[in-house]
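Here is a brisk report on one protein model. Look at the structure first, then read on.

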Amino acid sequence: MSVFKGDRINIELVGGSHDEEMILKMCGTPSFDLDMEKINDYLERRKPSGEFQTQRRESDIPEFKKGLINGRIDGDIEVSVKNREIKKEDYDRLYGKPRPSHADYCQFVKDGDPDFSGGGRFSGRLTVLYCVAGGVAASYLEKKGIKIKGEIISVGKAKKDAAEFSAEVLKELNEAKENSDSVGAVIECVAKGVPAGLGNDYFEGIEGKISSLVYAIPGVKGVEFGKGFAISELKGSEANDQWRYDGGKAVTETNNSGGINGGITNGMPIVLKVAFKPTPSIGKPQKTIDLLSGENTTIEIKGRHDVCFALRAVPVVESAVAIALLDELLKVEEGSTVKDLRAELDKIDDDLRDLFLRRMKISGAIGRLKAQNGDKILSEERERAILKRVTKGLNEKDAEIINKLYEEIFHLSRKEQKNL
Ligand SMILES: Cc1cc2nc3c(=O)[nH]c(=O)nc-3n(C[C@H](O)[C@H](O)[C@H](O)COP(=O)(O)O)c2cc1C
């Protein structure tokens, strides 16, 4: 399970490539009439087709279990997508042998599981759910005049500005396929109609929020905004986006900043480029290790894989951008209606619950360590120090509330530690 906790939107992706069902949970979206076509369009463009893409063909039908009533999004969303072409046996030969540049070895370090069937929870397959969430977000944004569009601008060494781009792409794909190899690609994504003022300084910058959602996509190895890395080679006089009024609207002559200054949208289109690595599953023999025998070995990956999976990732990048923009837009749009405020409270409650349970877990772990070391478990001195720290700088009224809250937290922690 992977969770995105935005400022207004929360998203949870549950399941793996070879599980029977994958589930998307999304909360924080406002009530609105959903354009289901948007979701279908994203899912359709993500689907493999043609000779260079995986032969795994799934129907990818999203089934709304919650949150969609008579075509209207209302409340928390839950969507199920079934996997039908499950072939775990394709991976039997690879048991305990991490595929190079997949998440396998890292997954083993994290979970201790040497079964890497289809990448499990790290698989690109989960981007189906990402596209459903993105479709919901984009459907809302389009009602507000915001349109997001991605396109492939390079495949391997073939660049879009070349005269024969399509022919060169085909050459790259053919050569890679013939050599049991793969290629990467760059996707450019543009969001138009974005109002100025979304995002904030430093840690709340919109580039960071978009990037974190884009980097969540498996296989992404680079993100740049506007001129990106190339801006370092320009002079200030070349790089600066100069302002003018156009019909009363502030616009810039160029858009080297990609529509963002100081972490805040400036009203120009947001432009970003995303670098995808070549498909890591390739037919060529590759060196790896056998985690069970502790020896070096080689593997050949059979299975069903794309020569360039990035060709299917355009709607996934659009989804990432849509979710980030929705999360920011809702902060600006937010009125003080009871419903909005309750939605905010719900989110705070979820966070409080998660943090509290984490605190209890850590408190239990401390108790166990103390018991092992024969140390006294309860420490009033430590409790006093915590209270002093958490109430520091608070006014009398707030300090009183926090004191009361911590009385209960300490009570529950003591109970947890005593029960060890
Ligand atoms: C839509 C999509 C489809 C993918 N399909 C494949 C695939 O068929 N074969 C493969 O080896 N990797 C595929 N990947 C990439 C891997 O999931 C990814 O490289 C791997 O999980 C390691 O993650 P990392 O590259 O972010 O470290 C796909 C990624 C996406 C976004």
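The buried residues of helix α5 pack against β1 (2-5), β10 (220-225), β13 (260-261), β14 (264-265), β15 (270-276) and α7 (314-333). Contact here means that two C-beta atoms, placed from the backbone, lie within 7 Å. Helices (H or I, at least four residues) and strands (E, at least two) are DSSP runs, numbered from the N terminus. Helix α5 covers residues 206-215, and seven of its ten residues are buried. A buried residue has 20 or more other C-beta atoms within 10 Å of its own, again placed from the backbone; an exposed one has 12 or fewer, and a partly exposed one falls in between. In α5 the buried ones are Ile206, Glu207, Lys209, Ile210, Ser211, Leu213 and Val214.

This is a predicted model, where local features need pLDDT of at least 70, side-chain atom pairs count only at pLDDT 80 or more, and totals for chains, interfaces and linings use all residues. Residues are numbered from 1 along each chain as its sequence is written.

Helix α7 matters for the next topic too. The largest nonpolar core has 73 residues, and Val317 and Leu325 have the most contacts inside it. Its largest share, twelve residues, comes from α7. Such a core is a set of buried Ala, Val, Leu, Ile, Met, Phe, Trp, Tyr and Cys residues joined through C-beta atoms within 7 Å. Leaving aside neighbours within four places in sequence, Leu325 is in contact with Leu141, Ile146, Ala191, Val194 and Leu198.

Now the sheet. Five strands form an open sheet in the order β8-β7-β9-β15-β10, with antiparallel pairing. β8 (158-159) and β10 are at the edges with a single partner strand each, so one side of each has no neighbour in the sheet. Two strands pair if DSSP finds at least two bridges between them. Strands β7 (residues 147-155) and β9 (residues 185-192) pair in the antiparallel sense over eight bridges. Gly150 has Cys189 in β9 as its bridge partner.

What does the whole protein look like in numbers? The table gives some overall values.

| Item | Value |
|---|---|
| Secondary structure | ten helices and 17 strands |
| C-alpha span along principal axes | about 75 × 70 × 55 Å |
| Buried share of the 420 residues | 34% |

The domain assignment gives domain 1 (2-334) and domain 2 (341-418). Such bounds come from an automatic or database domain assignment.
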